[in-house]
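I opened my notebook to look closely at one helix and its surroundings. Here is what I looked up, entry by entry.

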Amino acid sequence: MTNTAVVVVGAGPVGLMAAHVLGHKGVEAIVLERRESRTGRLECARATEEIDLRSRAIGVMPPSLDLLDGVGLADEFLCAGVRAATGVVHDERSELGRIDFQGVHPRFPFVLAIPQWGTESILASAITGRPTVEVRYGVPVEKVMQEADGITLCCRDGSCCRARYAIVCDGAHGSLAQAAGISRREKTYRARFFMADHHDLTNLGDEAHLWFTPGGAVESFPLPASLRRWIVQLPSGSPLPGPEDHVDLERMVNTRTGYTLDPGGRTWQSSFAPQRSELSRFHRGRLLFAGDAAHTMSPIGGQGMNTGFADAELAATLVAGRLDGRLNGGDAWAYYERARKRAVHAAARRAWAGMRVGTITGRPGSWVRSRVVFVALRTAAPLVARHFAMMSIPMRQASARLPRRLTHHGDPHKAAE
Ligand SMILES: Cc1cc2nc3c(=O)[nH]c(=O)nc-3n(C[C@H](O)[C@H](O)[C@H](O)COP(=O)(O)OP(=O)(O)OC[C@H]3O[C@@H](n4cnc5c(N)ncnc54)[C@H](O)[C@@H]3O)c2cc1C
C-alpha cells in the first residue's frame, strides 16, 4: 500500500492539469492511468481508441492559457501552438463578418490551436519536473473505499494507494462515478460531423473560418506543422461514419466554400456525434469529479477540455487548501459543485446554441441566419469575440477569489467532508 496526499485518476489533459496544480503547490500526488503508456496508447490502441486520442480538442482558450501560466507552462504551449487571432464567418456567397480576438485578453489575445495529443504530450513531459508528483501507467483503478480519514483506491494489478483525497478525471466513459452511486444524465444530438486534418495549401493562414450554408456548416482551423483541420456537417439523417467508411469531405468543402482540397493530403480523419452529459453531483465524500468524468458538451465551440481545465484547477486548489487546514471540507466541496456547475451550464448552453445556429440547413433558415449573424458581427463584434474565447463564462477562474466563508477556523480534521 502506497500512502500519498492526493490520488488523481486518469492522465488525460484534465487529470494532468490537476496534477500540475498540485505539484506547483508542493502537494504530494500520484496519478493512476489505465493506459500502458502515452506512446503505448498510440502504437497499441485499437483503431477507435487511436481516433479518440487524436481527434479531439484543438483550441486552448485565453482563460486556459491563464491557468497554464499559473503553473509555468504557458510559454511551452505558445511555442507549440498556432495563434488564431481572427475568426471569419461566411455564408455560401460572401463574408458575413470577422471575430477579432485582439481585445479579449491582455496577454493572450487569440485562441491557441494545438491538437489534443500535443496538449497531453506537453503536460505529460512537464510533469516529470514536479518532484512531488508521480504518474503510474497501466494501473486501471477498479475499487474505491472511502474511510473516515482517507480514501483507498485499488488497481487491477492488486496494488492500492491510500490518500486523503482523490480527484477523478477518468473521462466520459469512466466507471468511478457510477461506482460511487452518482448518476449521469446523457443526451446525443442529431447533428453528425466528419473532420480531417489536411496539409494546408490554402491562403487562410492563421485565421479560423466558419461557413454557414444551406447545405451544412464547414469549420476550418489552423494547426501546427502547416496542417489545417476541416470539419463538415454531414447531411441530415446521415449515419455516423465508421473508421473505414469513405466520406467525401473534399467535395462537401468545395461545394460549400469553394476551396479545393487534395484527398491525398489528409493526414488523419474522424467523425463524431455531439453529446451532452452531466453527473448529478460533482463530489462524494473525499472524491471530486473533474473534466469529462463530470460533464461533456457539444465539441462545437471547443469548450469541453477548457472547462475541464478550470475544474481541475479549482479542485486541486481546494484540495490543497483542505490539506493545509485553511479550508472547511464540507463548504469547499459544496462551493466546488456550485461554481463548476454554473460554469459548465453556461458553456454547455453556448455550445448547444452555437451548434443549433450553425447547423440550420435549407434556404429560408440560412437566409435568416445570415442576416442575424451579419448584424451581430457589425454591432457586437467585441462581445462575440469574448463569448467565443470563453472570457465571459462565469467562475472561469473561481480559485482566484475563494469566498472567505470557506476558510476554516477550527480543527481542520474535525470538519465534515
Ligand atoms: C470530436 C471532439 C472534438 C473536441 N474538440 C474540443 C475542442 O476543440 N476544445 C475543447 O476544449 N474540447 C474539445 N473536446 C472535448 C475534449 O476532448 C474533452 O473535454 C477532453 O478530452 C476531456 O479530458 P479528460 O482528461 O477529462 O478526459 P479524457 O481525455 O477522456 O481522459 C481520461 C483518462 O482517464 C483514463 N482512465 C479512464 N478510466 C480509468 C481508470 N479506471 N483508472 C485509471 N485511468 C482511467 C483514460 O485512459 C484517459 O487517459 C472535443 C471532444 C470531441 C469528442
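Entry 1: For the names, helices (H or I, at least four residues) and strands (E, at least two) are DSSP runs, numbered from the N terminus.

**Entry 2: what I am looking at.** I noted that this is a predicted model, where local features need pLDDT of at least 70, side-chain atom pairs count only at pLDDT 80 or more, and totals for chains, interfaces and linings use all residues. Residues are numbered from 1 along each chain as its sequence is written.

**Entry 3: length.** I checked the span of α9 from its first C-alpha to its last: 28 Å, close to the 28 Å expected at 1.5 Å a residue. The expected span is 1.5 Å times one less than the number of residues. After α9 comes G325, with a positive phi near 80°.

**Entry 4: a partner.** Which helix axis comes within 8 Å of the axis of α9 (residues 304-323)? I found α1 (residues 13-24), and the two axes cross at roughly 35°. Axes are lines fitted to C-alpha atoms, for helices over the stretch in contact, and angles run from 0 to 180 degrees between N-to-C directions. On the α1 side I listed P13, V14, M17, A18, V21 and L22, which meet residues of α9 including F309, A312 and A316. Contact here requires C-beta atoms, placed from the backbone, within 7 Å. The contact of α1 with α9 has 12 nonpolar, two polar and two charged residues. In this count Ala, Val, Leu, Ile, Met, Phe, Trp, Tyr, Cys and Pro are nonpolar, Asp, Glu, Lys and Arg are charged, and the others, Gly among them, are polar.

**Entry 5: the ligand.** I saw 35 residues around the ligand, the closest being G10, G12, G171, G291 and G304. To be near, a residue needs its C-beta atom, placed from the backbone, within 6 Å. The largest share of this shell, four residues, comes from α9.

**Entry 6: positive phi.** S226, which is not glycine, has a positive phi near 55°. I found S226 in the loop between β17 (216-223) and β18 (227-233). Is S226 buried or exposed? S226 counts as exposed because 11 other C-beta atoms lie within 10 Å.

Notes: Two residues are in contact if their C-beta atoms, placed from the backbone, lie within 7 Å. A residue is buried if 20 or more other C-beta atoms lie within 10 Å of its own, exposed if 12 or fewer, and partly exposed in between; C-beta atoms are placed from the backbone.
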